[in-house]
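Please open the model in your viewer and keep the sequence panel beside it.

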Amino acid sequence: MITIYDPNAGKKPNKENKDLVNELVRFPSVRLIGPNGEQLGIMSSREAQFKANQYEMDLYCVSPNAEPPVCKIINYSKFRFEQQKKAKEAKKNQHVVTTKEVQLTPQIGTHDLETKAKNAKKFLAEGNKVKVGVRYKGRQLSHVEVGEETLNRFIALLEDVANIEKPAALDGRWLVAVLAPKK
């Protein structure tokens, strides 16, 4: 009687994992690569599984769409650990750019405008984009040029740290512009 080593015996299958490993490799024939990268030839998936068991390792399907599918004998748990480590490192290195919003009115005071500009500089220094909106109330909409002048003064205060990504455009009762940090 031949005893076949099964490293996954007694373990529940991982439902979120879509990898073809061990018994999930069900192709009529596969191209097998050994644990050291050597070509072992084309054989049935059952023979490939037997060879993987001889090495006391797992049969992993590297390329299921190839003709014939390519499988490799590897330590699957170590492989998964390395993949998770790489994904965590990639996630740690990426920076998500968020958009902060600053709201102005057409008749905003000079000091208030400078305070809001100082906050916007802080947002831009953190690498975020800033959406600047001038809100018109009531009859103020008939004098759009007053709000445009306010927005231009605000942008002038930030010209050393920001580029205009989206120029000012009227959107309903809002005059909106988007600023991005200078690189």
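What percentage of the 183 residues in the protein chain do buried residues make up? Buried residues make up 29% of them, where buried means under 20% relative accessible area, exposed means over 50%, and partly exposed lies in between (1.4 Å probe, protein chains only). This is a predicted model, in which local features need pLDDT of at least 70 and side-chain atom pairs count only at pLDDT 80 or more, while totals for chains, interfaces and linings use all residues. Residues are numbered from 1 along each chain as its sequence is written, and side-chain values use heavy atoms, with hydrogens and water left out.

**The whole chain**

Show the C-alpha trace first: along its principal axes it spans about 90 × 30 × 25 Å. Next, colour by secondary structure to find four helices and eight strands, which are DSSP runs numbered from the N terminus (helices H or I, at least four residues; strands E, at least two). Along the sequence they follow the pattern β-β-α-β-β-α-β-α-β-α-β-β.

**Helix α1**

Select residues 45-54, which form helix α1, and pick out its buried residues, Ser 45, Ala 48, Gln 49, Ala 52 and Asn 53. These lie on the same side of α1 because they cover an arc of only 140° around the axis, the arc being that of the directions from the helix axis to the C-beta atoms. Turn to the other side of α1, where Arg 46 and Gln 54 are exposed.

**Strands β5 and β6**

Move on to β5 (residues 99-104) and β6 (residues 129-135), which pair in the parallel sense over six bridges; two strands pair if DSSP finds at least two bridges between them. Thr 99 has Lys 129 in β6 as its bridge partner.

**The cores**

Finally, select Leu 104, Val 132, Leu 151, Phe 154, Leu 158 and Leu 179, which touch the most other members among the 20 residues of the largest nonpolar core. Such a core is a set of buried Ala, Val, Leu, Ile, Met, Phe, Trp, Tyr and Cys residues joined through side-chain atoms within 4.5 Å. The elements giving two or more residues to this core are β5, α3, β6, α4 (144-157) and β8 (174-181). A second, separate core has ten residues, including Leu 32, Ala 52, Leu 59 and Ile 73.
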